Amino acid sequence: MMRAKADKAGRDLRFDYVPIDSYEKRALCECGGELQSCGGRLRTNPALYLHRCKGCDKRYQLDTIYPRVIHRERKI
Ligand SMILES: [Zn+2]
């Protein structure tokens, strides 16, 4: 669905409504357990985030926090 609307300069804008699917992206340990963020962050550049395996308690340093929600355009 698209709607026309003028911005402050009087230009017409169009908006596109695209269906998406949402996912929870989970990082898995080599044992198959899910990694959970511990809330800690290393002050490296780029930052690293501390995670712990729920299954075997192994520690990981990852470049982003898991689990995380991602959105992808729905494939039709
Ligand atoms: Zn594990």
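A residue is called buried if 20 or more other C-beta atoms lie within 10 Å of its own, exposed if 12 or fewer do, and partly exposed in between, with C-beta atoms placed from the backbone. This is a predicted model, in which local features need pLDDT of at least 70 and side-chain atom pairs count only at pLDDT 80 or more, while totals for chains, interfaces and linings use all residues. Residues are numbered from 1 along each chain as its sequence is written.

**View 1. Strand E7 and its pairing with strand E3.** Strands are DSSP runs (E, at least two residues; helices are H or I, at least four), numbered from the N terminus. Of the six residues of strand E7 (residues 68–73), zero are buried, so the strand lies largely in the open. Strand E3 (residues 20–25) runs antiparallel to E7 and is joined to that strand by six bridges, where two strands are said to pair if DSSP finds at least two bridges between them. Within this pairing, aspartate 21 stands opposite arginine 72 in E7.

**View 2. The open sheet E4-E5-E6.** Three strands form an open sheet in the order E4-E5-E6, with antiparallel pairing. Strand E4 (35–42) and strand E6 (59–62) are the edge strands, each of them pairing on one side only. Neighbouring strands of this sheet are turned by 30° against each other on average, direction ignored, with axes being lines fitted to C-alpha atoms and angles running from 0 to 180 degrees between N-to-C directions.

**View 3. Strands E4 and E5.** E4 pairs with strand E5 (residues 48–53) in the antiparallel sense over five bridges, and arginine 41 stands opposite tyrosine 49 in E5. Confidence in the protein is highest in E5, at a mean of 98, and lowest in strand E1 (residues 4–6), at 67, on the pLDDT scale of the predictor's confidence in each residue, from 0 to 100.

**View 4. The protein as a whole, as context for the close-ups.** The secondary structure comes to zero helices and seven strands. The radius of gyration of the protein is 20 Å, well over the 11 Å that the globule rule gives for 76 residues, so the protein is more spread out than a compact globule; this radius is taken over C-alpha atoms, and the rule is 2.2 Å times the number of residues to the power 0.38. Along the principal axes, the C-alpha atoms fill a box of roughly 60 × 35 × 15 Å, and 3% of the 76 residues count as buried.
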